[in-house]
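Open the model in your viewer and keep the sequence panel beside it. The tour goes from one selection to the next.

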Amino acid sequence: MQRLLLDLAERSAWTGAQAALGLAVVELADVPVWWAAPVALVLASAKSWVAGRLVGRAGTASTLPATKDPATPPMGA
């Protein structure tokens, strides 16, 4: 249960950060606010790519270490 809550918190934090950054980018670029959604999607893709290769467990978009990632099978399974 703790791993699930940690995963939920991670996903919520990243979603909020990507949305806020998307809004900040469109405000700074002085373009219509509807551009925030595509910018946030690009940020999400970039985060997933980086997380899957450098930080988290390979094959997932998690930035959690493998021991905390709910997608990691339990030991002995």
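Start by selecting Arg3, which counts as partly exposed at 30% relative accessibility. This is a predicted model. Arg3 is found in helix H1. How far apart in space are Arg3 and Lys68, C-alpha to C-alpha? The distance is 5.8 Å, although the two residues are 65 apart in sequence.

**The whole chain**

Zoom out and show the protein chain as a cartoon. Its secondary structure comes to two helices and zero strands. Of the 77 residues in the chain, 21% are buried.

**Helix H1**

Select residues 2–29, which make up helix H1. H1 has 28 residues. From its first C-alpha to its last it reaches 40 Å, close to the 40 Å expected at 1.5 Å a residue. Colour the buried residues next. Which residues of H1 are buried? They are Asp7, Glu10, Gln18, Gly22 and Val26. While looking along the helix, keep one rule in mind: an α-helix has 3.6 residues a turn, so residues three or four places apart point the same way.

**The loop after H1**

Move to Asp30, which follows H1. Asp30 lies in the loop between helix H1 and helix H2, the latter covering residues 36–55. Check the backbone angles here: Asp30 has a positive phi of about 55°, although it is not a glycine. Is Asp30 buried or exposed? It is exposed, because its relative accessible area is 70% and the cut-off for exposed is over 50%.

**The aromatic pair**

Finish by selecting Trp34 and Trp35. The structure holds one aromatic pair, and these two residues form it. A pair of aromatic rings is described by the distance of the centres and the angle of the planes. For Trp34 and Trp35, the centres are 4.7 Å apart and the planes are at 25°, so the pair is stacked, as planes under 30 degrees apart count as stacked. Trp34 is exposed, with a relative accessible area of 55%, whereas Trp35 counts as partly exposed at 40%.

Key. Residues numbered from 1 in each chain as written. Predicted model: local features only at pLDDT ≥ 70, side-chain atom pairs only at ≥ 80, totals over all residues. Heavy atoms only, no water. Helix = DSSP H or I, 4+ residues; strand = E, 2+ residues; numbered from the N terminus. Buried < 20%, exposed > 50% of the residue type's maximum accessible area, 1.4 Å probe, protein only. Phe/Tyr/Trp six-rings, centres within 6.5 Å; stacked < 30°, edge-to-face > 60°. Expected span 1.5 Å × (residues − 1).
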